[in-house]
Amino acid sequence: DLSPAAARTAPPVQVIAHRGSSHALPEHTLAAYRRALEEGADAVECDVRVTADGRLVCVHDRRIGRVSDGRGTVSAMTLAQLEAHDFGAWKTGVPSRDPELREVLRLESLLELVADCGRPVDLAIETKHPVRFRGRVESELLRMLDRFGIGGAHGAGAPGAAAQADGPGGDRPRARIMSFSSLALARVAAAAPQYPRVFLFERMLPLQGRLRPGAALPGGARIAGPGIDLVRAKPRLVTRLRELGHEVHVWTVDEPDDVELCLELGVSAIITNRPAEVLAQLGR
Ligand code: G3P
Ligand code: CA
């Protein structure tokens, strides 16, 4: 039901901190995620890659040069080699004394932070380079979520929805898995269908033939994840996706006008580098 009356009673839009509170602090550092949780983000987004010794770390780019004082490719470096570098100084301009600003972020550290934050917070985890690593990132990720007892997230919905669904004491984090790759999402669907999947895209092409009733999104995803540039250019696309029963989670939404557009279109989640500002705009 997309009527204005339904919109008024719809669950509030979920605010997802993209790479942590990454406008304020260096992306993908524990400090940036701690800040996002303090600011009240409903969920956190992170990118995961696998190191040469099989550890999962949260780094966006294939190489570490942009976000650290080192050089090299994540997948060719061991965790120890990555830990030798400062992942905060590129943004703060000074060497990082605080380990939470300095250290490459191990996924398990992020899961611990979220699990211990005292309220239900969703995890929106994006796997990078699924083809090259033949599903290793996805299989390691699923193993780790299992080890932490983290189940599937309810897409978006009211803050606290996870707790309600879990019953008393249900403040465990829940995860959804995101990718630009239908192959990665199909692998997750086969191995662990309980995790909702978000298909990320920034052009119309991957949706060709999918905007009709009954058609699944690539990778069997239930949630569509368009970039904000595409949403600005084609707002009707969001309406259509919602008519077809998909949730829509938009990235990366940092401008007030774009937040407003997302609200008008009834998206379920806003993925932003500026969670505090977006929450303030939403009156939360
Ligand atoms: O949340 C989705 C968004 O993060 C996708 O783009 O390049 O920031 O990983 P990217
Ligand atoms: Ca991402």
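Which residues surround ligand 1? They are H18, E45, D47, H60, E126, L200, G225, W251 and I271, where a residue is near a molecule if its C-beta atom, placed from the backbone, lies within 6 Å of it. This shell divides into 3 nonpolar, 3 polar and 3 charged residues; Ala, Val, Leu, Ile, Met, Phe, Trp, Tyr, Cys and Pro count as nonpolar, Asp, Glu, Lys and Arg as charged, and the others, Gly among them, as polar.

The model is predicted: local features need pLDDT of at least 70, side-chain atom pairs count only at pLDDT 80 or more, and totals for chains, interfaces and linings use all residues. Residues are numbered from 1 along each chain as its sequence is written, while chains are lettered from A and ligands numbered from 1 in the order in which they are written.

W251, one of the residues around ligand 1, is joined to T252 by a cis peptide bond with omega near -25°. T252 is found in the loop between β10 (247-250) and α12 (256-265); helices (H or I, at least four residues) and strands (E, at least two) are DSSP runs, numbered from the N terminus.

Another loop runs between β1 (14-18) and α2, and holds R19. R19 is not a glycine, yet has a positive phi of about 60°. R19 counts as buried because 27 C-beta neighbours lie inside 10 Å; the cut-off for buried is 20 or more other C-beta atoms within 10 Å, against 12 or fewer for exposed and partly exposed in between, with C-beta atoms placed from the backbone. H28 lies in the loop between β1 and α2, and has a positive phi of about 60° although it is not a glycine. H28 is buried, with 24 other C-beta atoms within 10 Å.
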